[in-house]
Amino acid sequence: MAHTQTLEKPEADSETPDPEISIRHLTKRFGAQTVLEDITCDIPKGKITLMLGPSGTGKSVFLKNIMGLLKPEEGEIWIGDKNVPALPHRELYEVRRKFGVLFQDGALFGSMSVYDNTAFPLREHTKKGEREIKDIVMEKLEMVGLVGAESKLPGEISGGMKKRAGLARALVLDPEIIMFDEPDSGLDPVRTAFLNELILDLNRKLGSTMLVVTHDIATARRVADYIGMLYLRGLVKFGTKEEMFDSDIAVVRQFLAGATDGPIGMSEEADQGRQPQARSSYGMTAEETESMEREAGASDDREAARNEEDRGRGDGSRKWGRGNGSRIWGREARESEGPPDGDGDSEPSRTAEEVPLDQMLEEEEG
Ligand SMILES: Nc1ncnc2c1ncn2[C@@H]1O[C@H](COP(=O)(O)OP(=O)(O)O)[C@@H](O)[C@H]1O
Ligand SMILES: [Mg+2]
């Protein structure tokens, strides 16, 4: 690769084969607050890499820097021969098309059906006709176990189904890199386990590079090939899953063991390590997926979903953001991250730093 000469030798603890994304000395600040400091690692091609860290450590910020939604104060992020923070908008747009993203709650448009939500990036970013779009949408819905739920609205399906719809949408442009921001957030352990099986299965079938951020140890144990651990602004350690679980670094040990005493505060689920018998729902209909998950003990969370939807309407917030569809990468996505999702991972509303992609392009072209 052309850029390797300009890079220093990997400083990661382990030799990472064939990097898809090379991160060098990444530092991100918001005013006086340093969120990420001097992060260096390689995200290997075709593998599942997990970035673990307690809530508020900067996992979402990390993903946004990689996609070019936030600009770091220092450092480089190489994807192929492109250094993302240094790219002009037009090129940033192209690099961003390599990414599919599953945002924390799926970030679906509440007034659009599952079908239209999934078709959205195709209608927005390609010139494909409706017949071709239909083939692609149905193929992706089948991959995530959602066939038969096309006409449902987000408010009518379970939290697990919403994640799947978000995942189908993340897949429609056949991304090289798929990012998952806390795929397990807001899901019970059963639905999480089934979603994890699907992620593994998709990785095997598609061969895409996957970058998952989470604070859930069960997810790490199940899906990761590589794990990086973020703590107090820094990357404590990055290595293969085995290296990480064998590590004798105190913080890593404590976090991965899910121990409750130690420097880090944990979520309670973390240390149970209990995985229900789960398998991939690849190719299943929504009904089959749902009944499989129920049989394994998943709750009916549609009630909760409806309440959330009502709350969203009531206080004028746009959680399931209708309208203004074109900012899928920007505004809509950020808004969807706002409300707490049961793990205390609420985020401040933000405006200043993140510039919606379309706006940047308009500025550039206008
Ligand atoms: N756009 C922003 N402006 C100011 N502060 C931000 C912004 N985005 C994130 N932060 C802060 O950065 C820290 C890390 O946030 P985040 O990446 O969302 O954590 P998490 O690991 O839970 O995903 C938090 O303290 C958060 O308040
Ligand atoms: Mg986050």
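Buried residues make up 45% of the 366 residues in the protein chain; a residue is buried if 20 or more other C-beta atoms lie within 10 Å of its own, exposed if 12 or fewer, and partly exposed in between, with C-beta atoms placed from the backbone. The model is predicted: local features need pLDDT of at least 70, side-chain atom pairs count only at pLDDT 80 or more, and totals for chains, interfaces and linings use all residues. Residues are numbered from 1 along each chain as its sequence is written, while chains are lettered from A and ligands numbered from 1 in the order in which they are written. The protein chain has 13 helices and ten strands (DSSP runs numbered from the N terminus: helices are H or I with at least four residues, strands are E with at least two). Among contacts with a separation of 6 or more, 70% join residues 24 or more positions apart (a contact means C-beta atoms, placed from the backbone, within 7 Å).

**Six-stranded sheet**

- Six strands form an open sheet with mixed pairing, in the order β6-β7-β8-β3-β9-β10 (two strands pair if DSSP finds at least two bridges between them).
- β6 and β10 (234–240) are the edge strands, each pairing on one side only.
- From one strand to the next, the twist averages 15° (axes are lines fitted to C-alpha atoms, for helices over the stretch in contact, and angles run from 0 to 180 degrees between N-to-C directions).
- Strand β6 (residues 99–102) runs parallel to β7 and is joined to it by four bridges, with Gly100 opposite Ile178 of β7.
- β7 and strand β8 (residues 209–214) are also parallel, joined by five bridges.
- Ile178 has Met210 as its bridge partner in β8, and Asp181 has Val213.

**Strand β7**

- Five of the five residues of β7 (residues 177–181) are buried.
- In a regular strand the side chains alternate between the two faces of the sheet.
- Both faces of β7 are covered, with Ile177, Met179 and Asp181 buried on one side and Ile178 and Phe180 buried on the other.
- A right-handed β-α-β unit is made by β7, α6 and β8 (right-handed means that, with the strands pointing away from the viewer, the path from the first strand over the helix to the second runs clockwise).

**Four-stranded sheet**

- A second open sheet, antiparallel in its pairing, has four strands in the order β2-β1-β4-β5.
- β2 (33–44) and β5 (82–83) each have a single partner strand, so one side of each is left without a neighbour in the sheet.
- Helix α1 (residues 59–67) packs on this sheet, where it touches β1, β2 and β4, and its direction makes about 115° with that of β1.
- Strand β1 (residues 19–30) is joined to strand β4 (residues 74–79) by five bridges, in antiparallel orientation.
- Thr27 has Glu74 of β4 as its bridge partner.

- Helix α5 (residues 159–171) has 13 residues and reaches 19 Å from its first C-alpha to its last, close to the 18 Å expected at 1.5 Å a residue (the expected span is 1.5 Å times one less than the number of residues).
- Because 13 of its 13 residues are buried, α5 is largely enclosed by the rest of the structure.
- The end C-alpha atoms of α6 are 25 Å apart, which agrees with the 26 Å that its 18 residues should span at 1.5 Å a residue.
- The buried residues of α6 include Pro189, Arg191, Phe194, Leu198 and Leu202.
- Those buried residues pack against α4 (130–143), α5, β8, α7 (217–223) and α10.
- Gly207, with a positive phi near 70°, follows α6.

**Nonpolar core**

- In the largest nonpolar core, of 86 residues, Leu50, Leu146 and Ala168 touch the most other members (a nonpolar core is a set of buried Ala, Val, Leu, Ile, Met, Phe, Trp, Tyr and Cys residues joined through C-beta atoms within 7 Å).
- Helix α6 (residues 189–206) supplies the largest share of this core, eight residues.
- Beyond four places in sequence, Ala168 is in contact with Thr118, Lys140, Leu141, Met143, Val144 and Leu146.

**Ser281**

- Ser281 lies in the loop between α9 (250–257) and α10 (286–295).
- Ser281 counts as buried because it has 25 C-beta neighbours inside 10 Å.
- Not counting residues up to four places away in sequence, Ser281 touches Gly145, Phe194, Leu198, Thr289 and Met292.
- Ser281 and Met143 are 138 residues apart along the chain, and their C-alpha atoms are separated by 7.7 Å.

Conventions:
Two residues are in contact if their C-beta atoms, placed from the backbone, lie within 7 Å.
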